[in-house]
Amino acid sequence: MSETATTLVPNPVPQPSARADLRKRQTFARLLLKNRLAVLGLSFIVIWTLLAVIAPWVSPYEPTLTDTASKLQSPNAAHWFGTDNFGRDVLSRVLYGARISIWTGLIAVAISLCIGVPLGGIAAYYGGRLGSVIMRLMDILLAFPSLVLSMAIAASIGAGLTSAMIAVGIVGIPEFARLMYGQTISLKEKEYIEASRAIGVKDNVILFRHILPNALAPLLVQATLGMGFAILTASSLSFLGLGVKPPIAEWGAMISEGREYIISGQWWLVTFPGLGIATSILGFNLLGDGLRDILDPRLRSGK
Amino acid sequence: MFGYTVKRLGQMIPSLLGIVVITFILSRVLPGDPAVMMAGEQADDSVIENIRRDMGLDQPLYMQFFAYVVKLFQGDLGMAYHTGHTVTADFANRFPATIELTLFSILIAVLVAIPVGIVAATRKESIADHISRVFSLIGACVPIFWLGLMFIYIFYSILGWSPAPMGRISGDLNPPTNLTGLYLVDSLLTGDFAAFRSSLSHLILPAICLSTGTMAIVARMMRSSMLEVIGQDFIRTARAKGIHEFLVISRHALVNALIPTLTVLGLQFGYLLGGAVITETIFSWPGVGGYVTDSILAADYAPIQAFTLVSALLYSLINLLVDLIYGWIDPRIRYE
């Protein structure tokens, strides 16, 4: 039904030809490669994602393999990052931890996106009482400090990786809703939207086929920055005992387990997972800032 | 100004109600029956039934909500099972420590970030600017719990400069006479310099740790708003009149650039409340944050719920305050 409706629309937006489209993509790639910080960020992300994917093949040991005979060894030839209090290999655990962190980030951002974007779009497109109720709710969610709210949600669902993902995802919803709201408000007055409405295109088609594609750039920036936020918040939850359960290798939980050994000088238990968290977040932040500069010059960060 | 204040306060009421509703809903999605958790798994059905009636869990949901709101107005935040006290009493004991930590962190963040932001903006693209930018980038991505542990490792385990990360004052000293609850202030007021030195040495590491994120963001904000102000006509006029550059920056530009920075600082307060939970846990700081972590580990929900509520209320109030200060500094905002 909606399919026929769209095909009937004489698209008032001039469609770029395939060649112009290709040129646009090339410019985008060139601009991205010219931004050295964004490239640095992208390389951190690519490296961590790659390591996460190939972790089962490149990890020297099983991440949960305990070996009390070789516990708390400082970094050496057999264990590059040392071993923890159960004799588990810290390097293998850091590599496996990347899987959990990146996966958690992806799921959490997907939750925020899939709920926040429709909510913001609907609130802006229909406006009225429904719109103000939705946006009011978003404001109330934003009134909670984000880590505190995610703690409360995770604690009320019960500790575990899934509840951490859900908690972080819910906390991210208002940002996406507000972003989509702002985009839709300005786009819905555009002539091509009015034209589509005049010839009877359905509202959901207008929202998802005509408005959403034009709001993708800022959403992409927000999603990239949101990955950094999600990894940080999820690892904080794990550190506080609200995320993964032992013996699963997760960066925040590893730091929590290594905590008591820092005073006696076993620094490697905490240092390496921490570097994992910091570099992956740095990667997403740098790439997000770079994307923003390229895709939306008006929002240029203070450079 | 009075009318504006009343208007802003009125606008806040629906949000406050929303905050209360959400914290209530969160407490009701808990898996497991709170009555069973209280009585223990082996308890008699009749015992559980009694507890349920005492807690009002047999009432319809809206009645439970009503009872919750009434209790809130009486200052009753529930019982903390793992300490055996009311949450309100525990909070009253522990909040001064958290306030001291948070205020000191804000102080450090502001004292470092604002000069750094000004220098970075006035000497754009200089080495100082680049260093501050790298610092801001790192400050925004280093997890607070990792930073805190690294601090402990470097400054306590290796260098031995800081005392053991335990509490607010060393064990062989008495806390200063309680006047404000803030050890630094109380020890100064009573002239107890041994206590002052000890509490400062206990406070400095956790406070720096908690302040880094805020420092990074405030420095960045200060830099960009300063750059924007410096580019405006009235600054050029001031320079053209021959005013000394130092006065142009400090008297003309700074005041205007501080306004957006103030907003960011208000928003950072939420981050500080979350960060306090983590920082206090790492440094065994006897504040509300460490108490919340203990409650998480003991699966004791009432303190978590209370902290969520109180921090959202505080956060909203701080932001209201920022708005009011904003309206006071810049009268144009009041008349919009």
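Student: Where in chain B does B:Glu125 lie?

Tutor: In this predicted model, B:Glu125 sits in the loop that runs between α5 (87-122) and α6 of chain B.

Student: What makes B:Glu125 exposed?

Tutor: The cut-off for an exposed residue is 12 or fewer other C-beta atoms within 10 Å, and B:Glu125 has 9 of them, so B:Glu125 is called exposed.

Student: Which residue of chain A has a positive phi of about 50° although it is not a glycine?

Tutor: That residue is A:Leu72, which is found in the loop between α3 (36-58) and α4 (90-126) of chain A.

Student: Why is A:Leu72 called partly exposed?

Tutor: A buried residue needs 20 or more other C-beta atoms within 10 Å, and an exposed one has 12 or fewer; A:Leu72, with 16 such neighbours, falls in between, and therefore counts as partly exposed.

Student: How do you know whether A:Met165 is buried or exposed?

Tutor: Again the count decides: A:Met165 has 24 other C-beta atoms within 10 Å, and because the cut-off for a buried residue is 20 or more, A:Met165 is buried.

Student: Where is A:Met165 found, and which residues does it touch?

Tutor: A:Met165 belongs to helix α7 (residues 161-187) of chain A, and, leaving aside residues up to four places away in sequence, A:Met165 touches A:Thr104, A:Ile107 and A:Ala108. A:Met165 and A:Thr233 are 68 residues apart in sequence, while their C-alpha atoms are 9.6 Å apart in space.

Student: How many helices and strands does chain A have, and what percentage of its residues is buried?

Tutor: Chain A has twelve helices and zero strands, and buried residues make up 49% of its 303 residues. Among the contacts in chain A with a separation of 6 or more, 72% come from residues 24 or more positions apart.

Student: How many residues of chain B are in contact with chain A, and which helix supplies the largest share?

Tutor: In chain B, 43 residues are in contact with 39 residues of chain A, and the largest share of that side of chain B, nine residues, comes from α13(B). The residues on this side of chain B comprise 29 nonpolar, twelve polar and two charged ones.

Notes
Residues numbered from 1 in each chain as written. Chains lettered and ligands numbered in written order. Predicted model: local features only at pLDDT ≥ 70, side-chain atom pairs only at ≥ 80, totals over all residues. Contact = placed C-beta atoms within 7 Å. Helix = DSSP H or I, 4+ residues; strand = E, 2+ residues; numbered from the N terminus. Nonpolar A, V, L, I, M, F, W, Y, C, P; charged D, E, K, R; others polar.
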